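Morning, everyone. Please look at the sequence and the model as they come up.

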Amino acid sequence: GFSSRPWPYTIFQRGFDLVLGEQPSDKIFRFTYTLGEGMWLPLSKSFVIPPAELAINPSAKCKTDMTVMEDAVEVREELMTSSSFDSLEVLLDSFGPVRDCSRDNGGCSKNFRCISDRKLDSTGCVCPTGLSPMKDGTGCYDRHVGVDCSDGFNGGCEQLCLQQMVPLPEEPLLYNILMFCGCIEDYKLGTDGRSCQLISESCPEAGDCGEPRELPMNQTLFGEIFYGYNNHSKEVAAGQVLKGTFRQNNFARGLEQQLPDGLVVATVPLENQCQEELSDPMPDPEFLTGMVNFSEVSGYPLLQHWKVQSVMYHVRLNQLTISQSFSNALHSLDGATSRGDFVALLDQFGNHYIQEAVYGFEESCSIWYPNRQVQRQLWLEYEDISKGNSPSDESEERERDPKVLTFPEYIASLSESGTKRMAAGVRMECQSRGRCPSSCPLCHVASSPDVPSEPILLEVTKAAPIYELVTNNQTQRLLQEATMSSLWCSGSGDVIEDWCRCDSSAFGADGLPTCAPLPHPILRLSTVHEPSSTLVVLEWGHSEPPIGVQIVDYLLRQEKVTDRMDHSKVETETVLSFVDDIISGAKSPCAMPAQVPDRLSSTISLIVRCLEPDTTYMFTLWGVDNTGRRSRSSDVTVKTPCPVVDDVKAQEIADKIYNLFNGYTSGKEQQTAYNTLLDLGSPSLHRVLYHYNQHYESFGEFTWRCEDELGPRKAGLILSQLGDLSSWCNSLLQEPKISLQRSSLKYLACRYSEIKPYGLDWSELSRDLKKTCEEQTLSVLYNDYGDKDY
């Protein structure tokens, strides 16, 4: 039976028939496992209690009394009457003497491997890696290759079931018992590999002499639809799940090749086939995480995607027949098969089979720009050419009709002509899938009209679980359980309702289950808001799987580092809880939520303020579950921009200082100039000095005039502020033009509450925060350096 919670839980163990070597369906033992009580006992056929013992000792069903067997046919007379063991060593010692593996393989039969470690196996005889015990326990074989002659059904062979010893490639001293079907004299093996036919028999004219050998479909048009499919990785599996035959005259309009039986193909009209998409330029996602080399001069590097797609055919398979390879794999499975073998089958054949798909052609290009100014300039030039205007002097004249000139072709023409703009850091990479149809004028490389297009699989539009193809109810149930386990529990546990019950081997050093790993959030800078001198906007995606471990909180660590490349040199460190510190309002105004998950978006956006200009910070993010276990970390290291200056105001102060210094300077004017310059701060003082020298240097350089008018002591106090900036910021403040930009940033102003949110529902978090938070707008100042036309 199952419990509603992970711990404790109860399982029932079936009995074992020594004569038939099978386990009946009736369950006679009940084991209850709790976290921190009892111990894990290895379950194997070595633990057997004869049914008679239950009759003699009724209390055995409540205790763990058992008879320990050395072999399946030799039952030891000694009974264990204790109901518990003081230690694992005491339990292992009760199994009897340890095998001596140095002599005669320790008494292990055939190709079993002898081991003297009771912790690995209580019998001391195990199969080599990759092999499984035969049904009669006399040897080991690879259940995925060949048959089992000892299964009680002659391995499914009509006449002979043969055995061959094949050395293992990894360990030549060990071998695999390869079993296969054979026929007696005057008979030959049938195409199914199991039946036998008389060699003297001949097929009558137009007669059917049995099923033809199955054809691999990987070289057939639309052949991918016969193979398995992994709905998580979105990839076609290597194993062929469905069988394809060519008995019927199945053809589709526009295709010369004969199609497999039951394959329905609908051709898309030509006017709907060729579609072009060009995304908006966005910051390069790879640039926004890890070590970010952000520059306040150029801003984010941009990435733009272009794609032309021609959906040519909609394909559906109406005739479902399991392939021979998939059938053989299913035949090797039974109730005693381990979950690992089921998972291996899913790895080979996928967890789904394809029902409907679209085929055609696709070409895509990714274009990288060093900044938005370069992208804007290239786009405006492309629009002029597309409208029929003359291209710029640096680009070549195009011979093609400008109406079909694509943006990637224009970028490529700039590269071929060796223009100066391409040297500014513009880069493009293109790839194509399939062969472009001649009817599509948007392809980067158009195909010749007499060459037929070869459609490729673009997208699987409908798929079904592979276990639905299995007719055996028990195998179907076990395969379904293995599918759920591989998808949500790493193949090392069972899905129970909406959580994973991990196997005994799937526990970490801390004693917590590890088969359902925490989702790994990726921390990055905001794609919309660039860092300012005192503020950065961080964001990550919240992932909430329907089964497995759920994230209940996020931890964000903020570090101020003195050495960008050596993170061990940390000056200050702060760790914030998203639930306790941020959405509660406890750390406002230095940390505030800008966006929280709702039913339409899973993005979490966080505003971190109170930062110092021109300083390197490292932010590290973890997801946390209800046990306190943390996910893998993700980090962003970024240097905040230089301090913001108001260049217009600096120009006005430079004019004011000139007027104060011009002519006779009274004591009052000297004090006014001194107070004005002393209150400016280093960045603004740099700009005042720049503008003063640009306009009034002929009347005396700024430093000399300060010393002359204010005296060495006061002038020294003012001019000492100039050294407070780094060489990078100092050089930026020498730009001829610095403009002040202002942007708005929305955030949630939450009222502090010491009550921790209980039962946090991330999908409804946006709605819940409206009760305690108010949406407000924050004004953020930026500097633009140099002339920009966007």
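C706 has a relative accessibility of 0%, so this residue counts as buried, the cut-off being under 20%. Keep in mind that this is a predicted model.

Now the disulfides. How many does a search of the whole structure find? The search finds 13 disulfides.

Start with C108 and C125. Their sulfur atoms sit 1.9 Å apart, and the two form a disulfide. This pair links distant parts of the chain, 17 residues apart. C108 is in the loop between α2 (88–93) and β6 (113–114), and C125 is in strand β7, residues 125–126. The S-S torsion of C108 and C125 is about -85 degrees, so the disulfide is left-handed. Buried or exposed, C108 and C125? Both are buried.

Next, C149 and C161. Here the sulfur atoms of the disulfide are 1.8 Å apart. The link of C149 and C161 is left-handed, with -85 degrees about the S-S bond. C149 lies in the loop between β9 (140–141) and β10 (160–167), while C161 lies in strand β10, so the pair ties together parts 12 residues apart in sequence. C149 is buried, and so is C161.

Third, C502 and C515. This disulfide has its sulfur atoms 2.1 Å apart. Its torsion about the S-S bond is about -75 degrees, so it is left-handed. C502 belongs to strand β25, residues 499–502, and C515 to the loop between β25 and β26 (524–525), so the pair ties together parts 13 residues apart in sequence. C502 and C515 are buried.

On to charge. The count comes to 17 salt bridges. Take R339 and D503: their side chains meet in one, at 2.7 Å, N to O. R339 is in helix α4 (residues 339–349), D503 is in the loop between β25 and β26, and 164 residues separate them. D503 counts as partly exposed, at 24% relative accessibility.

E362 and R433 make another salt bridge, at 3.3 Å, N to O. That one links strand β21 (residues 352–369), which holds E362, to strand β22 (residues 427–433), which holds R433. The two residues are 71 residues apart. E362 is buried at 13% relative accessible area. R433 is partly exposed at 34%.

One more pair: R767 and D768. Their closest N and O atoms are 3.2 Å apart in a salt bridge. D768 is partly exposed, with a relative accessible area of 25%.

Last point. Which residues do salt bridges with shared partners join into one network? They are R339, D494, R501 and D503.

Note on methods: Residues numbered from 1 in each chain as written. Predicted model: local features only at pLDDT ≥ 70, side-chain atom pairs only at ≥ 80, totals over all residues. Heavy atoms only, no water. Disulfide = S-S within 2.5 Å. Helix = DSSP H or I, 4+ residues; strand = E, 2+ residues; numbered from the N terminus. Buried < 20%, exposed > 50% of the residue type's maximum accessible area, 1.4 Å probe, protein only. Salt bridge = Lys/Arg side-chain N within 4 Å of Asp/Glu carboxyl O.
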